[in-house]
Amino acid sequence: METLTAEIKKNSKKVPVKGMMDNVMEQFNSAADQINLHPSIRKILSITNNEIIVNFPVKMDNGDVEIFRGYRVQHNNALGPYKGGLRYHPTVDIDAARALAMWMTWKTSLAGLPYGGGKGGIQLDPSKYSQGELERITRRFTFALADNIGPEHDIPAPDVNTNSQTMAWMADTYMSTRPPAERTANQHVVTGKPAGSGGLEGRDRATGYGVFLSIKIWAEKNNVSLKDKKFIVQGFGNVGYWASYFLEKEGAKLVAVQDAFGSIENQKGIVVEDLFNYTKANKGSIVDFPDAKNLKKDNFFATDCDICIPAALGNQITADNASQIKASLVAEGANGPTNVEGEKILLERGITIIPDILCNSGGVVGSYFEWLQNRNGELWQLDEVMAKLDKKLRESFNKVYEYSQRENLDMRTAAYCIAIQRIERAYVERGIFP
Ligand code: NAD
């Protein structure tokens with residue numbers, strides 16, 4: 001009989017490429033079936049609460065005016081205010097924003113936070129704009145969204161191509177447009193701010209640390225040492241860099257990296273800090289890094305390694321490349337990097353996947369700490385932050401791991417079951433208004 005892998009591979013060319021929304025819905029429905037989710041709650045969670053699309057003008061450096069389209073999708077707030085990042089990327093559209101908002105709902109629920117899920121961004125390639133233009137785009141986007149976000153309503157954070165500087169502009173714009181007496185009390189309208197502007201010490205590394213910690217706990221549970229284990233990373237931005245940084249400290253070896261510009265490999269190991277400094281001096285690109293050879297884009301996922309960390313965009317591990325992956329562990333730093341067909345192949349091949357909603361949840365946990373700190377007028381030290389983060393992430397990992405073992409499920413389905421059941425409980429207790 002034909003194996004599932006061969007069958008999916010053969011059919012993959014015939015099937016139209018599915019969007020991220022198809023992906024998240026298939027994951028949701030399979031977990032909903034597993035837990036026998038109440039049909040009314042399945043209906044509620046299958047749709048988004050609000051979808052905001054704003055078109056706004058921005059003056060460019062040359063005096064021309066360009067119109068931008070921004071999105072904010074608020075999926076569900078049964079457990080608390082909407083929470084989730086803003087992305088600046090050409091692939092941002094309503095489908096991507098919906099899917100990413102849904103993933104946030106499951107992620108915040110799984111992490112046991114008092115938040116719902118939201119996501120958004122602007123469809124643009126930030127490399128085409130000056131710093132001044134990006135500042136004006138961000139401020140005007142914030143102004144356009146202002147009535148739909150808020151520190152107790154919807155709290156954005158950084159995502160692909162947005163960072164602490166973007167959040168500082170957003171917070172400043174939002175606060176500047178509030179009545180004077182409310183201004184400083186609104187600092188927690190966004191998280192991921194720079195430490196000097198109400199940000200949290202350690203928020204920068206929180207997501208990458210969580211990815212690393214998930215791998216470390218998995219290794220401990222499987223009696224595996226991370227020393228000299230080879231790992232590859234797709235995306236060498238905030239998440240990819242910090243995950244690599246902590247894994248290298250643990251003795252693991254970075255052997256290949258792919259970013260938006262190209263791919264590199266060195267089986268003897270790439271020094272993380274050297275690559276980081278190189279990208280800083282090379283407009284963010286890893287290409288032509290002197291201590292590695294350039295690699296063909298399509299060969300990246302086939303690189304020899306033990307651990308594979310997709311930490312860039314969605315839909316990267318698919319039926320086209322899942323059968324080539326050499327790693328025994330895929331740790332999802334990005335949101336939605338493995339599509340349903342890719343996942344089937346990985347699981348059939350006995351490869352473990354630490355799912356995004358668990359693996360990269362360090363970011364939203366760090367954001368929650370920042371929000372609490374601002375709300376309570378506190379300032380936390382880095383060691384305090386890291387200890388709290390560590391504890392919270394271990395709890396989540398253990399919860400998912402135990403559920404998956406007990407119910408004989410893969411870790412993604414287990415994570416979804418836990419996340420959805422928490423939201424289901426809230427609806428059952430409160431009922432549906434009126
Ligand atoms: P980032 O902008 O800091 O870095 C993105 C990296 O991905 C860059 O190295 C870029 O060159 C690379 N990249 C972009 N397009 C690519 C492509 N087509 N192929 C290969 N590489 C490509 O973004 P980030 O904050 O590190 O986010 C990365 C992923 O992690 C995203 O999926 C994001 O949603 C997810 N995530 C981020 C956080 C966070 O706290 N920043 C939290 C949870 C999840």
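These legends accompany close-up views of a predicted model.

**View 1. The residues around the ligand.** Let's start with the shell, which holds 23 residues, and here Asp 159, Asn 161, Thr 207, Ala 312 and Asn 335 come nearest to the ligand. By class, the shell divides into 8 nonpolar, 10 polar and 5 charged residues. Two helices to look for are H7 (203–221) and H8 (238–249), each of which supplies at least two residues of this shell.

View 2. Which side chain has an N or O atom 2.6 Å from an oxygen atom of the ligand? That side chain belongs to Asp 159. Backbone atoms take part too: a polar backbone atom of Ala 312 lies 2.7 Å from a ligand oxygen, and one of Gly 333 lies 3.4 Å from a ligand oxygen. Taken alone, the ligand exposes 830 Å², and the protein buries 87% of that.

**View 3. The largest nonpolar core.** This core has 92 residues, among which Trp 106 and Ile 309 touch the most other members. Helix H14 (residues 411–430) gives the core its largest share, 11 residues. A second core of 24 residues is separate, and its members include Leu 86, Phe 141, Tyr 174 and Val 190. As background, nonpolar side chains tend to be buried together in soluble globular proteins.

**View 4. The surroundings of Ile 309.** Leaving aside residues up to four places away in sequence, Ile 309 touches Val 211, Ile 215, Phe 231, Ile 232, Val 233, Gln 234, Leu 247, Ala 331 and Gly 333.

View 5. Asn 339 sits in the loop between strand S11 (329–331) and helix H10. Is this residue buried or exposed? Asn 339 counts as buried because its relative accessibility is 12%, below the 20% cut-off. Its side chain reaches the backbone nitrogen of Gly 342 at 2.8 Å. Not counting residues up to four places away in sequence, Asn 339 touches Asn 23, Asn 315, Ile 317, Thr 318 and Ala 319.

**View 6. Helix H10 and the residue that follows.** Helix H10 covers residues 340–348, and its buried residues include Val 340, Gly 342, Glu 343, Ile 345 and Leu 346. After H10 comes Gly 350, with a positive phi near 80 degrees.

Notes. Residues numbered from 1 in each chain as written. Predicted model: local features only at pLDDT ≥ 70, side-chain atom pairs only at ≥ 80, totals over all residues. Heavy atoms only, no water. Near = heavy atom within 4 Å. Polar contact = N/O pair within 3.5 Å; in protein donor to acceptor, adjacent residues only side chain to side chain. Areas by Shrake-Rupley, 256 points an atom, 1.4 Å probe, with all protein chains shown as cover. Helix = DSSP H or I, 4+ residues; strand = E, 2+ residues; numbered from the N terminus. Nonpolar A, V, L, I, M, F, W, Y, C, P; charged D, E, K, R; others polar. Core = buried A, V, L, I, M, F, W, Y, C linked by side-chain atoms within 4.5 Å. Buried < 20%, exposed > 50% of the residue type's maximum accessible area, 1.4 Å probe, protein only. Contact = heavy atoms within 4.5 Å.
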